[in-house]
Amino acid sequence: MAKVKGDIEINVERCKGCEVCIASCPFTVIAMTKEVNGKGYHYAIKVNDDCTGCMNCAIVCPDGVITVYRAKVTAE
Ligand code: SF4
Ligand code: SF4
């Protein structure tokens, strides 16, 4: 059975820490750091490998700093 595996890349220096991506992810892939980026904002990071590539986070991010990758994988 083919299913889609996703991955995300977040440009942390451009993240403004609004957190809307966190609420948008059905698989709790994103969390905020305690550290701040060069602009002084807490930033979003990937915290697990459960991403399906659904694109929700990239769509809601007001600054467009999340890139989503999708790859079809065939489960044994
Ligand atoms: S693409 Fe979907 S599953 Fe992956 S991190 Fe974004 S919201 Fe979560
Ligand atoms: S939605 Fe975008 S700007 Fe807001 S916390 Fe997530 S990655 Fe950062």
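Predicted model: local features only at pLDDT ≥ 70, side-chain atom pairs only at ≥ 80, totals over all residues.
Residues are numbered from 1 along each chain as its sequence is written, and chains are lettered from A and ligands numbered from 1 in the order in which they are written.

Show the C-alpha trace, which spans about 45 × 20 × 20 Å along its principal axes. Switch to a cartoon to see two helices and four strands, taken as DSSP runs numbered from the N terminus (helices H or I, at least four residues; strands E, at least two). Their order along the sequence is β-α-β-β-α-β.

Next, select residues 30–36 and 42–46. These are strands β2 and β3, paired in the antiparallel sense over four bridges; pairing requires at least two DSSP bridges between two strands. At one position I30 faces K46 of β3, and at another V36 faces H42 of β3. Five residues separate the two strands of this hairpin, and G40 in the turn has a positive phi of about 90 degrees.

Now select ligand 1. Its shell holds 15 residues, with C25, V29, C51, C54 and C57 the closest; a residue counts as near if its C-beta atom, placed from the backbone, lies within 6 Å. β1 (2–10) and α2 (56–60) each supply at least two residues of this shell.

Which classes of residue make up the shell around ligand 1? The shell has ten nonpolar, five polar and no charged residues. Here Ala, Val, Leu, Ile, Met, Phe, Trp, Tyr, Cys and Pro are nonpolar, Asp, Glu, Lys and Arg are charged, and the others, Gly among them, are polar.

Move to ligand 2. It has 13 residues around it, of which C15, C18, C21, A44 and C61 come nearest. By class, nine are nonpolar, one is polar and three are charged.

Finally, select the largest nonpolar core. It has twelve residues, including I8, Y43 and I66; such a core is a set of buried Ala, Val, Leu, Ile, Met, Phe, Trp, Tyr and Cys residues joined through C-beta atoms within 7 Å. Stop at I66: leaving out residues up to four places away in sequence, I66 touches I8, I10, C21, C57, A58 and C61, contact being C-beta atoms, placed from the backbone, within 7 Å.

Technical notes:
Buried ≥ 20, exposed ≤ 12 C-beta atoms within 10 Å, placed from the backbone. Contact = placed C-beta atoms within 7 Å.
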